[in-house]
Amino acid sequence: MKRHSKLKRRLRKLTFIAIIIFLFFTIVASSDINYYQPSQNTAIINNIKPTPSTPFIPNQQLDNQQRFLATITHQIINPPRPNTYEYTLLRAYGTVFINQQPEIKLPPKVILENEQETQEFQGNMRVTLVEGTSECYLQKVAADAFNKARIIINIPLKSGYSGDCTRSFNTNLRFWQKYSNNRTLEAVQQGKETKILGTVAPPGTSQHLWGLALDLRVSNAAQRQALNQNGWFQTVENDIPHWTYLGWDEESLPKFGLQNKTVRGVTYWLTPI
Ligand SMILES: [Zn+2]
């Protein structure tokens, strides 16, 4: 009888120890899952197309050009090939494609052929008015970010008209014809002329068609800082009033291969191609 109860006690003790060991391993295992998740995600980002809620970050061992092109390949189905007109446009205006906020609509290619194609693309954008304006539309995420910057400090639009914001195909065309002509277009298409791209965008290629650009009258560092803090950057060399919504903070831009270049006191974030 005495022996029996001793055995019972020992059994209970063993069960207790077993439960403790089991609990210990359960806790360690579950905390392991938490700790390993980030590196698992990195593996997914580098190898498999992520879900839209997971931003694509290129392999940081790649050089700038490779990082940028990896991002473009992720974002556009048929990326422009080197030595083409499309590639020239990607070089000049392609920073936009690092945008990855789920609500942002990116164009499927760098040239919209005509008004109809432009309207089809713009019809899928979720747009909103910039606060305090009656005709300045932008994609909502970009407008919200600009409104936030303007809470910090006043930043006037360049002209105050809709042309500072989202443009139609015909407005883009009209601006092109005002500053340029068909002969220049041909030279740009042949890769013989690029300077004009910093003054006006060829028909169907303006970032303003995509609802992600603004022309502003920025005159001091505080305004620049407020814009940068909210994802807005100068990305077209020599086009000083032109600002682009990139949707990332400044520290993140090199992850996608973008390079900064200061020209006459203005810092641009440019594509590395
Ligand atoms: Zn502009």
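In the hairpin of β6 and β7, two residues lie between the strands, and R264 takes a positive phi near 45°. This is a predicted model, in which local features need pLDDT of at least 70 and side-chain atom pairs count only at pLDDT 80 or more, while totals for chains, interfaces and linings use all residues. Residues are numbered from 1 along each chain as its sequence is written.

As to terms, strands (E, at least two residues) and helices (H or I, at least four) are DSSP runs, numbered from the N terminus; two strands pair if DSSP finds at least two bridges between them.

I turn now to the open sheet. Three strands make it up, in the order β3-β5-β4, with antiparallel pairing. Which strands stand at its edges? They are β3 (213-215) and β4 (232-233), each with a single partner strand, so one side of each has no neighbour in the sheet. Two bridges connect β4 with β5 (residues 242-245) in the antiparallel sense, and F233 stands opposite T244 in β5.

Finally, a helical residue. R174 belongs to helix α6 (residues 169-179). From R174 to P203 the C-alpha to C-alpha distance is 8.5 Å, although 29 residues separate them in sequence.
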